Amino acid sequence: MSHIVQKILKVQTTGKSFHNITYPIQNLVSESRVKIGLCTIFVRHTSASLVIQENADPDVLKDLANFFSQLVPEDGKSYIHDAEGDDDMPAHIRSALTRTSEQIPISEGKLVLGIWQGIYLWEHRQHPHHRQIVIHVSGN
């Protein structure tokens with residue numbers, strides 16, 4: 001018999017940064033009692049994204065952020081859309097270049113992540129925001 005659980009995870013960001021959300025998602029998977037299935041994660045925003053990335057060395061996340069800062073500058077000159085400031089359109093571009101959803105298999109009641117993988121909400125805006133992430137767990 002198939003089982004489905006859905007929950008909204010609320011995350012208060014601190015401005016442009018990565019927020020490790022692996023543990024709250026794994027906790028929901030454990031509470032769902034799904035032993036084998038799929039966990040779908042979706043961020044409900046256009047200026048933040050989800051990444052599965054290294055969870056051991058924080059320099060990886062710093063290098064990723066630095067690369068995107070160079071790729072998508074916040075110079076205040078390059079974009080037409082600036083309704084909410086110089087970081088507005090760059091945040092939308094960064095979100096479009098990354099992902100707003102992820103799917104992770106579940107086996108033996110756990111997310112099937114690699115040993116060095118963590119799930120991160122990546123805030124692309126300069127200022128803190130309240131973000132919502134939909135977590136959908138389905139399986140047996």
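Trainee: How far apart are the mean positions of the positive and negative charges of the protein chain?
Mentor: They are 9 Å apart, for 13 positive and 15 negative charges. Lys and Arg count as positive, Asp and Glu as negative, with His and the chain ends not counted. Each charge is placed at NZ of Lys, CZ of Arg, CG of Asp or CD of Glu. This is a predicted model: local features need pLDDT of at least 70, side-chain atom pairs count only at pLDDT 80 or more, and totals for chains, interfaces and linings use all residues. Residues are numbered from 1 along each chain as its sequence is written, and side-chain values use heavy atoms, leaving out hydrogens and water.

Trainee: What is the secondary structure of the chain?
Mentor: Three helices and eight strands, in the order β-β-α-β-β-α-α-β-β-β-β. These are DSSP runs numbered from the N terminus, helices being H or I of at least four residues and strands E of at least two.

Trainee: Where is Gln26?
Mentor: Gln26 sits in helix 1, residues 22–32.

Trainee: Why does Gln26 count as buried?
Mentor: Because its relative accessibility is 16%; buried means under 20% relative accessible area, exposed over 50% and partly exposed in between, with a 1.4 Å probe and protein chains only.

Trainee: Which residues does Gln26 touch?
Mentor: Gly109, Lys110 and Leu111, leaving aside residues up to four places away in sequence. Contact means heavy atoms within 4.5 Å.

Trainee: And how much of the chain is buried?
Mentor: Of its 140 residues, 38%.
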